[in-house]
Amino acid sequence: MKKDTIQIDYKKYGSITELSEDYQKLWKAALEARKYSHSPYSNFTVGAAIELENDEIITGTNQENASFPAGLCAERTAMYRAGIQAPNKKFKRIAIVATRRGEEALASAPPCGGCRQVMLEFEKRHQQGFEILFTDADDNFILIDKPTDLFPFSFVF
């Protein structure tokens with residue numbers, strides 16, 4: 001047996017103002033999208049915004065359903081929309097924003113396992129990674145270089 005270690009590098013920012021204007025614009029688009037979240041069961045509102053290679057921004061929100069798990073996460077909603085609206089455009093970056101309904105404080109919002117898998121599929125389809133921006137439990141802005149950094153042992157054909 002050989003023991004090995006997985007390590008990822010990421011950037012951590014203490015506030016939105018530390019991010020570039022491009023990231024701030026994308027973050028604001030995800031915040032705006034979050035307002036349209038359909039989350040009557042969890043009251044956890046999530047918005048996602050993807051910036052494509054042509055600088056177009058496509059958004060998505062979480063969509064819950066009483067027949068759990070028939071709902072869909074904001075990230076997947078945005079990625080699938082991008083796959084329909086701009087099937088040949090590569091992703092540059094995605095921002096994920098979450099709050100509790102009625103609150104302004106940001107919640108921790110790393111992508112779930114299902115979303116990570118879909119991100120990997122888009123990374124493979126486009127033959128390039130894309131950056132992922134979200135907040136952690138300490139209100140930091142976390143920037144990951146590419147989906148494979150979040151999910152090193154993935155199921156990809």
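Colleague: What should I know about the model before I start?

Modeller: It is predicted, so local features need pLDDT of at least 70 and side-chain atom pairs count only at pLDDT 80 or more, while totals for chains, interfaces and linings use all residues. Residues are numbered from 1 along each chain as its sequence is written, and side-chain values use heavy atoms, with hydrogens and water left out.

Colleague: What counts as a salt bridge, and how many salt bridges does a search of the whole structure find?

Modeller: A salt bridge is a side-chain nitrogen of Lys or Arg within 4 Å of a carboxyl oxygen of Asp or Glu. The search finds seven. One of them pairs D145 with K11, at 3.7 Å from N to O.

Colleague: Which parts does that pair tie together?

Modeller: Helices (H or I, at least four residues) and strands (E, at least two) are DSSP runs, numbered from the N terminus. K11 is in strand β1 (residues 10–13) and D145 lies in the loop between β6 (141–144) and α4 (147–150), so the pair ties together parts that are 134 residues apart in sequence.

Colleague: Are R93 and E131 buried or exposed?

Modeller: Buried means under 20% relative accessible area, exposed over 50%, and partly exposed in between (1.4 Å probe, protein chains only). R93 and E131 are both buried. They form a salt bridge, with the closest N and O atoms 3.6 Å apart. This pair links distant parts of the chain, since R93 is in strand β4 (residues 91–100) and E131 in strand β5 (residues 131–135), 38 residues apart. Salt bridges that share partners also join E51, D55, K92, R93 and E131 into one network.

Colleague: And K35 with E32?

Modeller: Their side chains meet in a salt bridge at 2.9 Å, N to O. K35 is exposed at 55% relative accessibility, whereas E32 is partly exposed at 37%.

Colleague: Where is P69 found?

Modeller: P69 is in the loop between β3 (57–61) and α2 (74–85). A cis peptide bond joins F68 and P69, with omega about 10°.
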